[in-house]
Amino acid sequence: MSEAGQFIDTALQREASWERADDRGSGGLRIYGASVGAVRGAVRDAFRRYRGLEHDAVLALSSELWAVGVFERRLAAIVVLQSRLALLQVTDLTRVEGFLRQGGRPELVDPLAIDVVGPLTDRLNQRDGDRAAVILDRWAADVDPWLGRAALLSSLRPLRTGGGDWDGLVRRVKAARAANREGAGHDVVGEAIELIARELATARPELVVPPV
């Protein structure tokens, strides 16, 4: 493990709380029990201690944190990407897709979609934006409902602030519903659609999200 990765992991274990671990539940992941604030603080302190981490080092750090099935490490991987959004490129969506396929819970998938994928794709130039749109369309049509959920939620922040790709969202809502018509997948995608509808009803009432 890199020095920065070890620093973050040690900080998270130092902040462990069995009470918080019990409250959060495992969902197939080990739990240290560190708070969200402690996760953000550990990442912030790591960037202060290990200055000058560029694109490849940031991606490598996020991957090594994610690779171990511990909830707080995976949340820290997301915070690493959030903290260095300006370095991310359209090609990094491939790495994020791997995280999303393994995420399996809103606490990990939603911040990846809303706070990483959304801002990343919204600032791309026309050429890279078109490439990103193709990727998001593919995610929406995938039978993995967490990818579909991410494709939809990635539109939330840009649309809420007056930008975004409304036609793309409508297209992806239809694709995600078609790919997840019933069962748990329907619920995972449906929750995302309902969340977007609630948020935009206040921020952008002129936009009407297709119903679940």
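Leaving aside neighbours within four places in sequence, which residues is V143 in contact with? I'll start there and work through the rest; keep in mind that this is a predicted model.

1. **V143.** The answer is A179 and N180, once neighbours within four places in sequence are left aside. V143 is found in the loop between helix 8 and helix 9. Despite those contacts, V143 counts as exposed, with 65% relative accessibility. If you want a C-alpha distance to check, V143 and A178 are 9.2 Å apart in space and 35 residues apart in sequence.

2. **Helix 9.** Just along the chain sits an element worth a look. Helix 9 covers residues 145-153, and nine of its nine residues are buried, so the helix is largely enclosed by the rest of the structure. For the record, the buried residues are P145, W146, L147, G148, R149, A150, A151, L152 and L153.

3. **V188, on the helix 12 side.** V188 lies in helix 12, which runs over residues 183-203. Setting aside neighbours within four places in sequence, V188 is in contact with P145, W146 and R149, and P145, W146 and R149 are buried residues of helix 9. V188 itself counts as buried at 11% relative accessibility.

4. **E97, on the helix 6 side.** Is E97 buried or exposed? At 11% relative accessibility, E97 counts as buried, because the cut-off for that label is under 20%. E97 is found in helix 6. Beyond its neighbours within four places in sequence, E97 is in contact with R138, W139 and L147. L147 is another of the buried residues of helix 9.

5. At a relative accessible area of 32%, A197 is partly exposed. A197 and P211 are 14 residues apart in sequence, and their C-alpha atoms are 8.3 Å apart in space.

6. **Aromatic pairs.** How many aromatic pairs does a search of the whole structure find? It finds two. In one of them, the ring centres of F7 and Y50 are 6.1 Å apart and the planes meet at 75°, so this pair is edge-to-face. It links distant parts of the chain: F7 is in helix 1 (residues 3-14) and Y50 is in the loop between helix 3 (36-49) and helix 4 (55-67), 43 residues apart. F7 counts as partly exposed, at 24% relative accessibility.

7. **The stacked pair.** W66 and F99 form an aromatic pair with 4.6 Å from centre to centre and 15° between the planes, which is stacked. Since W66 lies in helix 4 and F99 in helix 6 (residues 93-103), the pair ties together parts that are 33 residues apart in sequence. W66 is buried, with a relative accessible area of 2%, and F99 counts as buried too, at 6% relative accessibility.

8. **A charge over a ring.** One more ring to check is that of F47: the charged end of R84 sits over it, 3.8 Å from the ring centre.

9. **G5.** Back in helix 1, where G5 lies, we get a relative accessible area of 0%, and G5 is buried. G5 touches L61, E64 and L65, not counting residues up to four places away in sequence. The C-alpha atoms of G5 and A46 are separated by 8.2 Å, with the two residues 41 apart along the chain.

10. **The largest pocket.** For anyone thinking about the open space, the largest pocket has a volume of about 310 Å³. Of the 18 residues that line it, T121, D122, G129, A133 and D165 are the closest to its centre. Helix 7 (106-122), helix 8 (126-141) and helix 10 (156-160) are the elements that give two or more residues to the lining. Which element gives the largest share of that lining? Helix 8 does, with six residues. By class, the lining has six nonpolar, eight polar and four charged residues.

Conventions:
Residues are numbered from 1 along each chain as its sequence is written. This is a predicted model: local features need pLDDT of at least 70, side-chain atom pairs count only at pLDDT 80 or more; totals for chains, interfaces and linings use all residues. Side-chain values use heavy atoms; hydrogens and water are left out. Rings of Phe, Tyr and Trp (its six-membered ring) pair if their centres lie within 6.5 Å; planes under 30 degrees apart count as stacked, over 60 as edge-to-face and the rest as tilted. Helices (H or I, at least four residues) and strands (E, at least two) are DSSP runs, numbered from the N terminus. Buried means under 20% relative accessible area, exposed over 50%, partly exposed in between (1.4 Å probe, protein chains only). A charge sits over a ring if NZ of Lys or CZ of Arg is within 6 Å of the ring centre and within 35 degrees of the ring normal. On a 1 Å grid over the protein atoms alone, a cavity is a set of points where a 1.4 Å probe fits but cannot get out, and a pocket is an open set with protein on both sides within 12 Å along at least five of seven lines; lining residues have an atom within 4 Å of a point. Grid points are joined across faces, edges and corners, and a volume is the space filled by probe spheres set on the points. Ala, Val, Leu, Ile, Met, Phe, Trp, Tyr, Cys and Pro count as nonpolar, Asp, Glu, Lys and Arg as charged, and the others, Gly among them, as polar. Contact means heavy atoms within 4.5 Å.
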